[in-house]
Amino acid sequence: MKTLLPICAPKKYWDASAAYLEEVCNGCGAKGGIKVPNSFLGLSIKTPCNIHDVMFKEGKTQADFLFANAIFLLNLTITIINGSNWFMKPIRFWLATKYFIAVSLKGKSAYWKNKKINTGMYITYKGEFR
């Protein structure tokens, strides 16, 4: 039997109420912006996207922005490993790379929305794998 790898998220995500998650999370793509698929060829990636949404909402520093994107890529990778056969993994990893590059290059405006820019290079999240 295959052992599934755990997803990483800040404690705020694991402890959040359904109402908070509904308010903050919208799956993949920017809220009110461009919509992108919540799946990679049949494999749901909504959980990594929702964790990324919470990290963008709760982040306070430039380092939090970088860390949120790194955790997003990690969680996409874990989701692909857990849910793909040998044939689908390379295609899905390619798609994950495209999503990671998109949020890294184009996600700053969404991250800093309604926040004062803080160029601090310290991470404020406390997270865990589950």
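**Close-up views of the predicted model**

**View 1. Lining of the largest pocket.** In this predicted model, 27 residues line the largest pocket. Those nearest the pocket centre are Gly29, Ala30, Lys31, Phe56 and Ala110. H3 supplies the largest share, with five residues. The space in the largest pocket comes to about 860 Å³.

**View 2. A positive surface patch.** Four lysines form this patch: Lys31, Lys35, Lys46 and Lys57. Lys31 sits in the loop that runs between helix H2 (18–24) and strand S2 (39–40).

**View 3. A nonpolar patch on the surface.** The patch is built from Leu41, Trp86, Phe87 and Ile91. Together, these side chains belong to residues with about 490 Å² of accessible area. Phe87 is placed in the loop between helix H4 (62–83) and H5.

View 4. The side chains of Lys11 and Asp15 meet here, at 4.0 Å from N to O. Both residues belong to helix H1 (residues 11–15). Lys11 and Asp15 are four residues apart, or about one turn of the helix. Across the whole structure, the search finds three salt bridges.

Notes
Residues are numbered from 1 along each chain as its sequence is written. This is a predicted model: local features need pLDDT of at least 70, side-chain atom pairs count only at pLDDT 80 or more; totals for chains, interfaces and linings use all residues. Side-chain values use heavy atoms; hydrogens and water are left out. Patches are made of residues with over 30% relative accessible area and no salt bridge: like charges are joined within 9 Å, nonpolar side chains (Val, Leu, Ile, Met, Phe, Trp, Tyr) within 5 Å. Accessible areas come from the Shrake-Rupley method with a 1.4 Å probe; for residues, only the protein chains shown count as cover. Lys and Arg count as positive and Asp and Glu as negative; His and the chain ends are not counted. The place of a charge is taken as NZ of Lys, CZ of Arg, CG of Asp or CD of Glu. Helices (H or I, at least four residues) and strands (E, at least two) are DSSP runs, numbered from the N terminus. On a 1 Å grid over the protein atoms alone, a cavity is a set of points where a 1.4 Å probe fits but cannot get out, and a pocket is an open set with protein on both sides within 12 Å along at least five of seven lines; lining residues have an atom within 4 Å of a point. Grid points are joined across faces, edges and corners, and a volume is the space filled by probe spheres set on the points.
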